[in-house]
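The following questions and answers go through the packing of one protein chain, with the sequence and the coordinates at hand.

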Amino acid sequence: MNIYEWHGINTSGSKLSGCTEAKTKAFAIEKLRQQRIFVRQINKRRRPIFNFHTGKLKQNLNNQFTQHLATLIKSGINLSASLDILIQGQDNSQIQQYLKMIKQNIEVGCTLSESMSEHPQLFSALTINLIRAGEQAGMLPNLLDKLDFYNKRNKYIKTKLYQTMTYPTIVLLIGSLITGLLLTIAIPQFEALFTSLGADLPMLTKMVISTSSFIHGYWQLLLLTLLSTIILCYQLYKRVSYISKFVQTLIIRLPLMGNVIQKMIIARFTRTLAITFSSGLPLTDSLSLVADVAGNNRYTQATFKIKQDISNGETIRDAVNRTKLFPNIVSHLISIGEESGTLDIMLNNIADLFEEQISLSIDTASHFLEPGIMAILGIFVGILVVAMYLPILSLGSVV
């Protein structure tokens, strides 16, 4: 889909301008004609070669719809006027243009979910389907509140994880930079000194000097190789399914952080299933949306298997147990929810339980990560220092 900027007039002769999304220029003109807008000028907007902030833009759009739109509608403001308020209060020009396109579609008779579904690259399937369910049931503000709560919980867990990883990452980068400077600047100075004295160097010192000489002489090639390897690995991960499955399986088996990531997936699974099921969507449709947000291939495939088993008449508990990816407490609480008719409440309780465990696990992991990384960096720097000072201690015998 391309974005076209246009200028035109409506049936009353008023001048209008805006943006619309379509596959081709002809489709864009036809789309505007159906809205009773006669185009005078239309141009395709150029897209940047590298668009790294699409994911962030999508997240911001979803969050703003759920957070602000619910408040405005519950205040008695109609949908069109609510969108006007959101457009006027929006600083991001891209988001502002998308909101204008959605408002234009609504003014010609489209529903909010239909207007949003024209931009699947910006609105998640979960958001679109829940808004559609809210429109059909006449409970749009309630559904927007649920989405707002869902997004806030996800954001809280992600933010806590990122904050925990920020300090160790900075320490690791600074330590790596210091180690690199020692190898490329300091150690060659020591090498010149040892060579002029003709000292018989210890094995550790020879190994460090050889490493320093190699890095100093081929750093451009090493840097190019590192960048090429990173790009290649990323492309293989994105494009080759069995590699992405292997990596994601490996991630959830990592010590400390693997356990945290697995709990995050389970919390997201149960929270998403709770909000979709309580919104009136059929259980099988809810599971399809859960699979889209699982974030891990193994759990995505397991969710589709659960959906198939339920369609064949099995209980949710048995279907969940068969995957062997969920702790017993999950299937046990799901069974209680099924039998008591409070499945959505029990799923939310499971999500709350695992989110509490995630918070505790992240705090525990941070206590191990920070001193662990400091110890590793200390060992590397210590080896370099010892390697350089070992010959100095024996210089008396040379002189």
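Q: Which residues have the most contacts inside the largest nonpolar core?
A: The structure is a predicted model, and in this model the largest nonpolar core has 36 residues. Helices α7, α10, α11, α12, α13, α14 and α15 each supply at least two residues of this core. The residues with the most contacts inside the core are Tyr-299, Ile-306, Phe-326 and Ile-334.

Q: Which helix gives the most to this core?
A: The helices that each supply at least two residues include α7 (140–197), α10 (257–278) and α15 (343–393). With 9 residues, the helix that gives the most to this core is α10.

Q: Which residues does Ile-306 touch, not counting residues up to four places away in sequence?
A: Ile-306 is among the residues with the most contacts inside the largest nonpolar core. Once residues up to four places away in sequence are left out, Ile-306 touches Phe-269, Leu-287, Ala-319, Val-320, Thr-323 and Phe-326.

Q: How many residues does the second, separate core have?
A: This second core is separate and includes Ile-3, Met-101, Ile-128 and Leu-140. Its number of residues is 32.

Q: Is α13 roughly parallel or roughly antiparallel to α14?
A: The two helices pack with their axes 8 Å apart and at an angle of about 165°. Angles over 145 degrees count as roughly antiparallel, and therefore α13 is to α14 roughly antiparallel.

Q: Which residues of α13 and α14 make the contact between the two helices?
A: α13 passes α14 in a right-handed crossing. The residues of this contact divide into 3 nonpolar, 3 polar and 2 charged. From α14 come Ser-331, Ile-334, Ser-335 and Glu-338, and from α13 come Ile-316, Arg-317, Val-320 and Asn-321.

Notes: Residues numbered from 1 in each chain as written. Predicted model: local features only at pLDDT ≥ 70, side-chain atom pairs only at ≥ 80, totals over all residues. Heavy atoms only, no water. Core = buried A, V, L, I, M, F, W, Y, C linked by side-chain atoms within 4.5 Å. Buried < 20%, exposed > 50% of the residue type's maximum accessible area, 1.4 Å probe, protein only. Helix = DSSP H or I, 4+ residues; strand = E, 2+ residues; numbered from the N terminus. Contact = heavy atoms within 4.5 Å. Axes fitted to C-alpha atoms, helices over the stretch in contact; angles between N-to-C directions. Parallel < 35°, antiparallel > 145°, perpendicular 65-115°, else oblique. Left-handed = near helix turned anticlockwise from the far one by under 90°. Nonpolar A, V, L, I, M, F, W, Y, C, P; charged D, E, K, R; others polar.
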